[in-house]
Amino acid sequence: MELDSKKVVERVKYWRKDEGKSCSQGTLMGIGEVAGLDLEELELLASGFSGGIGATFEDGTCGGLTGAVMALGLLGKDNAMIKSMSKDLFNAFKAEYGAVTCGEISDKGKDKSPCVELCLFSANEVCKLLKDYDV
């Protein structure tokens with residue numbers, strides 16, 4: 001499956017920035033919308049991952065990353081492929097930002113200025129991975 005990364009970025013930005021969805025919701029909904037998935041279900045699915053999983057911030061994984069992993073799970077072909085793509089995404093994210101926890105990235109939720117960029121990075125990586133893995 002090849003998703004148009006420009007459309008994905010546009011929709012992630014819309015859901016995250018314009019509609020105020022959390023990082024996990026905005027990322028998953030933006031990717032899912034372009035892929036033709038049900039947005040209401042995606043919003044609910046991603047809601048528990050907001051703020052580093054249940055607003056734990058300090059200990060939880062970044063919602064932009066978890067939203068992207070959920071998208072890979074919904075769009076991947078099989079368990080082995082999804083795990084491999086998720087590992088590649090995790091490694092790319094960590095290499096880019098030096099951390100994967102919401103608290104480290106956002107100063108325990110006090111500084112959300114990097115959040116939209118993290119969501120867009122994660123969404124772009126999903127587009128690349130789907131293409132590279134020939135999903």
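Predicted model: local features only at pLDDT ≥ 70, side-chain atom pairs only at ≥ 80, totals over all residues.
Two residues are said to be in contact when heavy atoms of theirs lie within 4.5 Å. With that in hand, take Leu-130: setting aside neighbours within four places in sequence, Leu-130 is in contact with Met-1, Leu-3, Leu-72, Leu-75, Met-85 and Val-135.

## The overall picture

What does the secondary structure of the protein chain come to? It comes to seven helices and zero strands. Reading along the sequence gives the pattern α-α-α-α-α-α-α.

For a chain of 135 residues, a compact globule would have a radius of gyration near 14 Å, and the protein chain agrees with this because its own value is 13 Å. Along the principal axes, the C-alpha trace spans about 40 × 30 × 25 Å.

Of the 135 residues, 47% count as buried. The accessible surface of the protein chain comes to about 6,800 Å², and carbon and sulfur atoms account for 48% of that surface. As for charge, there are 16 positive and 22 negative side chains, with the centres of the two sets lying 3 Å apart.

The contacts also tell you how the chain comes back to itself. Among contacts between residues at least 6 apart in sequence, 68% join residues at least 24 apart.

In soluble globular proteins, nonpolar side chains tend to be buried together. Here, the largest nonpolar core has 36 residues, and those with the most contacts inside it are Ile-31, Phe-93 and Leu-130. The elements that give two or more residues to this core are helix H1 (5–18), helix H2 (23–35), H3, H4, helix H5 (79–97) and helix H7 (115–132). Which helix gives the largest share of this core? That is H7, with ten residues.

Ser-86 is found in helix H5. Is Ser-86 buried or exposed? Its relative accessible area is 14%, under the 20% cut-off, so Ser-86 is buried. Leaving aside neighbours within four places in sequence, Ser-86 is in contact with Val-69 and Leu-72. You have met Leu-72 already, as one of the contacts of Leu-130.

Val-34 lies in helix H2. At 27% relative accessibility, Val-34 counts as partly exposed. Now look across to Tyr-97: the C-alpha atoms of Val-34 and Tyr-97 are separated by 26 Å, and the two residues are 63 residues apart along the chain.

## Loops worth a visit

The loop between helix H3 (39–47) and helix H4 (63–75) holds Ile-53.

Ile-53 is not a glycine, yet it has a positive phi of about 75°. Ala-55, also not a glycine, has a positive phi of about 60°.

Asp-59 and Cys-102 are 43 residues apart in sequence, while their C-alpha atoms are 7.2 Å apart in space.

Moving on, Lys-77 lies in the loop between H4 and H5. Which residues does Lys-77 touch, not counting those up to four places away in sequence? Lys-77 touches Asp-134 and Val-135. Lys-77 and Tyr-133 are 56 residues apart in sequence, and 9.5 Å separates them in space, C-alpha to C-alpha.

Here is how these loop residues compare with the solvent side of the model:

| Residue | Relative accessibility | Class |
|---|---|---|
| Ile-53 | 38% | partly exposed |
| Ala-55 | 45% | partly exposed |
| Asp-59 | 66% | exposed |
| Lys-77 | 53% | exposed |

The classes follow from the cut-offs, because over 50% relative accessible area means exposed and under 20% means buried, with partly exposed in between.

Key
Residues numbered from 1 in each chain as written. Heavy atoms only, no water. Helix = DSSP H or I, 4+ residues; strand = E, 2+ residues; numbered from the N terminus. Rg over C-alpha atoms; globule rule 2.2 N^0.38 Å. Buried < 20%, exposed > 50% of the residue type's maximum accessible area, 1.4 Å probe, protein only. Areas by Shrake-Rupley, 256 points an atom, 1.4 Å probe, with all protein chains shown as cover. Lys, Arg positive; Asp, Glu negative; His and termini not counted. Charge placed at Lys NZ, Arg CZ, Asp CG, Glu CD. Core = buried A, V, L, I, M, F, W, Y, C linked by side-chain atoms within 4.5 Å.
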